[in-house]
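Let's take a tour of a protein model, one stop at a time. Have the picture open while you read.

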Amino acid sequence: MTSVIRAFLSEVLKFRRWSVLAGAGAMVAVSTFIAYLTFHQIASGATGKEMAGLIAAFHTPQGLVAIMGQARSLIIAIALVLVSANLAAEWTQGTLRNLLVREPHRLRWLAGKMLAVVLFVLLSMLLTLIVGGAFVLILAQGQGIQTAAWTSAEGLRIFLEFLGNEVLCLIGVSALGMLIAVLTRSVVAAVGIALAYILVIEGIIAVVAPQVSQWFPGRVFNTIVGATVPLVGPAPAQGYPAALLASVLWIAGFAAASALVLPRQDIKA
Amino acid sequence: MNAIETQGLSKHFGKRAAVDGLTMSTPAGSIAGFIGPNGAGKTTTLRLLLGLVRADAGSAAILGSPLTEPDGYLARVGALVEAPAFYPSLSGRTNLGVLARLGGYSRSRVGEMLEMVGLSDRARDRVGTYSLGMKQRLGVAMALLPDPDLLFLDEPANGLDPLGVIWIRDLLRHLRDQGKTILLSSHLLGELEQVADWLVILHEGKALFCGPARDLLAQRVEIAVEAEDAVRRELVVQIAEGAGYAVTRDERALRIACPASFAETLNRKASEAGVTDLAIRVKEGSLEELFLALVKGDRP
């Protein structure tokens with residue numbers, strides 16, 4: 001356990017890197033911008049089929065989460081890039097050999113590192129929700145829009161439910177990013193494959209075989225968030241409990257596969 | 001007692017044998033020069049000994065612990081393998097801090113190491129702004145962080161200016177005097193000649209020589225024999241090869257890789273055969289010449 005804590009503390013020091021901070025900054029900035037655009041469209045009286053649901057929910061306790069949730073896919077993509085690039089960089093930069101000489105138990109090192117990286121991703125997401133939420137609240141109050149429902153007990157419950165599912169979603173995405181990095185051992189390959197998988201490959205499978213694709217990791221992680229507030233994305237077709245179970249199984253599977261591969265790898269970087 | 005002992009250690013990458021049945025040893029408290037041409041398997045051997053790659057066959061013991069249990073010895077090992085690898089956007093101090101936290105070493109140890117390698121003034125600067133020599137110094141600091149009993153250093157003088165080369169030479173001697181063992185891989189054979197008291201010469205994944213440096217350096221003599229006609233030269237070749245020494249033929253001269261004492265034997269045997277006007281010169285070769293002779297197979 002001490003080795004895992006050491007690996008965790010060691011990883012925390014590396015969050016000072018601009019590339020890591022830029023990932024968190026991008027998540028906050030772009031998500032807040034998307035929330036602003038969504039708010040602006042609704043507040044300026046936009047109409048249209050796509051906006052109908054959001055407009056209807058605007059003054060309800062779901063209003064704030066519905067606006068903030070519009071950037072959910074982007075948060076998933078940034079988290080995936082952040083995790084896979086961060087881990088794969090240890091191979092690309094050659095720093096992995098330094099680390100594994102100091103901590104020969106590779107799985108303990110990976111556990112400590114991933115704990116820190118996942119925590120960073122979750123804190124970035126939390127910061128994104130806080131900054132974006134506060135920004136939208138300030139905008140709404142500035143325009144005299146009633147926000148009492150958003151901050152009501154029901155509004156808070158919906159927000160926490162959304163947050164819980166978002167946490168599970170990002171843990172799943174991080175586990176996927178970890179496996180991709182361990183398999184590819186290169187930043188360029190890891191980021192390319194991660195983005196291609198989540199944005200293109202699963203999309204193609206969804207068109208060809210929608211019944212099968214609903215069980216794929218990207219789709220499962222995405223839809224469990226939509227289960228709280230359907231306005232922020234598709235709800236799980238298989239039902240929330242089944243999607244939740246599938247998420248947990250995917251996470252366990254990714255962790256097991258990484259744990260199987262890493263100790264057997266030759267570190268040639 | 002040996003700090004490193006390998007028996008038939010092998011590692012293949014696909015069909016290529018990077019390390020091929022390597023048997024070598026390094027006595028504790030010595031500076032062992034680890035020499036070999038590019039692709040000889042030096043770096044792969046270092047990686048094997050550090051538990052970074054897994055051996056296909058053979059065994060090894062490092063500081064008394066088997067290779068299969070790296071956690072038994074790595075806490076007492078420091079390493080700088082290939083070019084030093086750091087996080088370029090972090091400072092030198094933070095880079096060392098990352099490894100200090102991982103290894104459970106105190107923060108003060110980081111400061112001490114930076115002081116030792118002369119990087120205290122630049123410790124807060126990003127490593128990306130460091131020169132090659134400064135990165136090398138930081139790499140040495142990284143290797144020394146755990147106050148190791150055994151050090152693996154791969155080309156530590158790479159990128160250092162002449163003062164830096166002298167500094168590393170003095171540092172290595174100082175560490176040896178403290179009882180530490182150093183396996184030093186380097187292409188700077190002149191430097192190795194000055195500091196190494198043990199040599200391991202690697203070629204195509206096998207050890208061509210493993211033993212005290214003085215034993216090898218004692219062989220660094222060659223005899224040059226000049227003779228006008230081919231018949232006389234052929235006689236010399238027969239005498240030398242008959243004694244088991246390799247002969248290199250130049251235009252009018254022959255070079256024999258052998259101890260200096262063989263000059264007298266050669267002269268006597270040639271006289272007995274009726275050849276008395278041979279010009280025999282004893283020439284002292286460098287470690288570089290010895291190394292080349294060994295790798296080319298000129299020396300038995």
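B:Glu191 and B:Arg169 are both buried. The two join up in a salt bridge, with their closest N and O atoms 2.7 Å apart. This pair ties together distant parts of the chain: B:Glu191 sits in helix 6 of chain B and B:Arg169 in helix 5 of chain B, 22 residues apart. Keep in mind that this is a predicted model.

An α-helix has 3.6 residues a turn, so residues three or four places apart point the same way.

Over all chains, a search of the whole structure turns up 21 salt bridges. One of them pairs B:Arg76 with B:Asp149, with the closest N and O atoms 2.9 Å apart. These partners come from distant parts of the chain, 73 residues apart: B:Arg76 is in the loop between strand 5 (65–66) and strand 6 of chain B, while B:Asp149 is in the loop between helix 4 and strand 7 of chain B.

Another salt bridge links B:Asp125 and B:Arg122, whose closest N and O atoms are 2.4 Å apart. B:Asp125 is partly exposed at 29% relative accessible area, and B:Arg122 is partly exposed at 30%.

## Where the chains meet

Now for the meeting of the two chains: 35 residues of chain B are in contact with 32 residues of chain A. The size of an interface is often given as the accessible area lost when the parts come together. Here chain B and chain A bury about 2800 Å² between them, and 59% of that is on carbon and sulfur atoms.

How many salt bridges cross this interface? The rule finds 1, and it brings together the side chains of A:Asp266 and B:Lys11 at 2.6 Å, N to O. There are also 19 residue pairs in polar contact across the interface. On chain B's side, strand 1 (2–13), strand 6 (77–80) and helix 2 (92–103) each supply at least two residues. Helix 2 of chain B gives the largest share, 7 residues. Sorted by class, chain B's side has 22 nonpolar, 7 polar and 6 charged residues.

## A leucine inside chain A

Last stop: A:Leu87, in helix 5 (residues 72–92) of chain A. Its relative accessibility is 0%, so A:Leu87 counts as buried. Which residues touch A:Leu87, leaving aside its neighbours within four places in sequence? They are A:Trp109, A:Leu110, A:Lys113, A:Met114, A:Met178, A:Ala181 and A:Val182.

Technical notes
Residues are numbered from 1 along each chain as its sequence is written. Chains are lettered from A and ligands numbered from 1 in the order in which they are written. This is a predicted model: local features need pLDDT of at least 70, side-chain atom pairs count only at pLDDT 80 or more; totals for chains, interfaces and linings use all residues. Side-chain values use heavy atoms; hydrogens and water are left out. Contact means heavy atoms within 4.5 Å. Buried area is the accessible area (1.4 Å probe) that two parts lose on being put together, summed over both. A salt bridge is a side-chain nitrogen of Lys or Arg within 4 Å of a carboxyl oxygen of Asp or Glu. A polar contact is a pair of N or O atoms within 3.5 Å; within protein, one must be able to donate a hydrogen and the other to accept it, and residues adjacent in sequence count only if both atoms are side-chain atoms. Helices (H or I, at least four residues) and strands (E, at least two) are DSSP runs, numbered from the N terminus. Ala, Val, Leu, Ile, Met, Phe, Trp, Tyr, Cys and Pro count as nonpolar, Asp, Glu, Lys and Arg as charged, and the others, Gly among them, as polar. Buried means under 20% relative accessible area, exposed over 50%, partly exposed in between (1.4 Å probe, protein chains only).
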